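Subject: Structure handover

Hi,

Here is the structure I promised to pass on to you. Please have a look at it first, and then read on for what turned up.

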Amino acid sequence: MTESVNPPRIAGWLLLPLAWLIMTMLTSALVVAMYLSPLFNTELRTTLFTHGELLMQWAISLLTAAVVWVYSIWVCWIFCKRSRRLPRHYILWLLMTVLLALKTFAFSPVADSKAIQTLLLSLLAAAVFVPYFKRSQRVKETFIQP
């Protein structure tokens with residue numbers, strides 16, 4: 001009979017990156033819903049499907065939001081399972097959020113103040129959590145499951 005190793009619970013400082021992940025996951029779900037909403041409005045749907053360039057931009061934005069949402073759900077899942085793959089994927093996920101914030105700042109018709117706020121929050125999260133996930137002994141001891 002083999003004895004399984006029980007890693008420490010997810011507690012303490014690990015709750016902050018988990019909360020950031022859950023918040024981003026919920027936000028991306030709302031963004032996906034926002035991009036799907038024109039499909040349920042006849043006037044918006046007609047406008048969308050009669051303008052090819054607009055349709056392409058909408059489809060790329062919807063796909064990007066859906067990928068972020070699905071990847072966030074999966075990273076949350078492996079976080080809660082305490083998978084040893086989590087630190088690498090959490091760091092990739094953080095970098096992805098920074099890239100999306102840069103994209104929003106550069107290309108989206110969003111107020112500059114909101115875009116800068118999103119970018120600064122993403123940069124701050126990456127600046128704090130990347131070193132934590134790379135160097136923390138607690139992370140090394142917690143995320144050990146296959």
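Predicted model: local features only at pLDDT ≥ 70, side-chain atom pairs only at ≥ 80, totals over all residues.

Let me begin with α1 and α4. Their axes come within 12 Å and cross at roughly 50 degrees, and the two helices are therefore oblique to each other. The crossing in which α1 passes α4 is left-handed. On the α1 side, Pro-17, Trp-20, Leu-21 and Thr-24 meet Tyr-90, Trp-93, Leu-94 and Thr-97 of α4. Sorted by class, this contact has six nonpolar and two polar residues, with no charged ones.

Next, α3 and α4. Here the axes come within 10 Å, with a crossing angle of roughly 155 degrees, which makes α3 roughly antiparallel to α4. Again the crossing of α3 past α4 is left-handed. From α3, the contact draws on Thr-64, Val-68, Tyr-71, Ser-72, Trp-74, Val-75, Ile-78 and Phe-79, while α4 brings Leu-86, His-89, Tyr-90, Leu-92, Trp-93, Met-96 and Leu-100. Twelve of the residues in the contact of α3 with α4 are nonpolar, three are polar and none is charged.

How do α4 and α5 cross? Their axes come within 9 Å and cross at roughly 160 degrees, so α4 is roughly antiparallel to α5. This crossing of α4 and α5 is left-handed too. Among the α4 residues that meet α5 are Leu-86, Pro-87, Tyr-90, Ile-91 and Leu-94; their partners in α5 include Ala-115, Ile-116, Leu-119, Phe-129 and Lys-134. Overall, the contact of α4 with α5 divides into 18 nonpolar, four polar and one charged residue.

Finally, the pockets. The largest one has a volume of about 1100 Å³ and is lined by 34 residues. Which residues lie nearest its centre? Those are Val-31, Tyr-35, Lys-103, Thr-104 and Ser-108. The lining of the largest pocket takes at least two residues from each of α1 (15–36), α2 (42–50), α3 (52–80), α4 (86–107) and α5 (112–135). In terms of class, that lining is made up of 20 nonpolar, twelve polar and two charged residues.

Methods. Residues numbered from 1 in each chain as written. Heavy atoms only, no water. 1 Å grid on protein atoms, 1.4 Å probe; cavity = no way out; pocket = protein on both sides within 12 Å on 5 of 7 lines; lining within 4 Å. Points joined across faces, edges and corners; volume = space filled by probe spheres on them. Helix = DSSP H or I, 4+ residues; strand = E, 2+ residues; numbered from the N terminus. Nonpolar A, V, L, I, M, F, W, Y, C, P; charged D, E, K, R; others polar. Axes fitted to C-alpha atoms, helices over the stretch in contact; angles between N-to-C directions. Parallel < 35°, antiparallel > 145°, perpendicular 65-115°, else oblique. Left-handed = near helix turned anticlockwise from the far one by under 90°. Contact = heavy atoms within 4.5 Å.
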